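User: Hi! Could you walk me through this model with a few questions and answers?

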Amino acid sequence: MAMCSLVTRVKAARRSLALRLSFRRLPECSGTTAARGGRTHPVQLGGCRRWYSSGSRPNDGLLFRQLFESESSTYTYLLADRETKAAVLIDPVLETIDRDLKLIHELGLHLKVAVNTHCHADHITSTGLMKTRLAGLESAISKLSGASADILLSDGDQIAFGKHYLTVRETPGHTDGCVTLVTQDRHMAFTGDALLIRGCGRTDFQQGCAKRLYNSVHEKIFTLPDRCLIYPAHDYLERVNVPGQTVSTVGEERMFNPRLTKSLEEFVNIMDNLNLPKPSKLDISVPANLLCGVHQV
């Protein structure tokens, strides 16, 4: 009798284990995509657990660095293909050119393009001067900015570096020439001044238009996947000694941005009543940046 009881318990345990394993193998929802090579990753979709195959991790083989310049509270971004060492630099600042070049040299990178997300009013770009110190480097900016550069960008253009590329999305409103740069897997977006973390760029000078900015963000940035990481051009919290935020997501900003969660009419009213002082370097930065940052440098 004792032996029969033990066998019964063992069989029950085996059935329980088999049942658990079957639930681990099978998705909880229909419409599952089978893996076609590479790794599979679980993802939550509408409360259901599904499996998908990405073939590789997001931005596999991408080197990424986020750098900061404290005077203008500007972020500079360095991206490179780890295999070929081809690199792109986004929104470099004149005051930190030596730091940026030192890092590029230390990492053994070949900087192909230095791109500005718009014609900045609060700092001078280092792209022009950097071109004199790095052979083969090209500068890039939106053709709608009115600024000079080797490459004038339009909506849908791609900036390639090795096996990676950034796609240009025109996001005017802060200025006419604002662009957002999105990685090919739509996992990262560099939004310039169009979308900041829990904020946005001002619209009261330099072709600013609150309605255009609102539409740009909602149509060109908020249509990216919720998980897409948002890397803005500035973190102004650092100026008041408040610990800043280095990254957000599309999903977060769509839910929590205190300006862009409002209606269009409310947003325009907010932007029309900010009453901000003009950037201290406005009169020297804009003329210089219209000439790739080399005017009176």
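Analyst: Happy to! A contact here means heavy atoms within 4.5 Å. Please keep in mind that this is a predicted model.

User: What share of the contacts with a separation of 6 or more comes from residues 24 or more positions apart?

Analyst: The chain has seven helices and 14 strands. Among its contacts with a separation of 6 or more, the share from residues 24 or more positions apart is 60%.

User: How many disulfides does the structure hold?

Analyst: Good one to check! A disulfide needs two cysteine sulfur atoms within 2.5 Å. For the sulfur of Cys178, the closest cysteine sulfur is in Cys119, and at 9.7 Å that is too far for a bond. Over the structure, the number of disulfides is zero.

User: Is the pair of Phe64 and Tyr231 stacked, edge-to-face or tilted?

Analyst: The whole structure has nine aromatic pairs. In the pair of Phe64 and Tyr231, the ring centres are 4.9 Å apart. Stacked planes are under 30 degrees apart and edge-to-face planes over 60; here the angle is 55 degrees, so the pair is tilted.

User: Which residue forms an edge-to-face pair with Tyr231?

Analyst: Tyr231 is itself buried, at 9% relative accessible area. Its edge-to-face partner sits 5.6 Å away centre to centre, with 65 degrees between the planes. The partner lies in strand 4 (residues 74-81), 154 residues from Tyr231: Tyr77.

Conventions: Residues are numbered from 1 along each chain as its sequence is written. This is a predicted model: local features need pLDDT of at least 70, side-chain atom pairs count only at pLDDT 80 or more; totals for chains, interfaces and linings use all residues. Side-chain values use heavy atoms; hydrogens and water are left out. Helices (H or I, at least four residues) and strands (E, at least two) are DSSP runs, numbered from the N terminus. Rings of Phe, Tyr and Trp (its six-membered ring) pair if their centres lie within 6.5 Å; planes under 30 degrees apart count as stacked, over 60 as edge-to-face and the rest as tilted. Buried means under 20% relative accessible area, exposed over 50%, partly exposed in between (1.4 Å probe, protein chains only).
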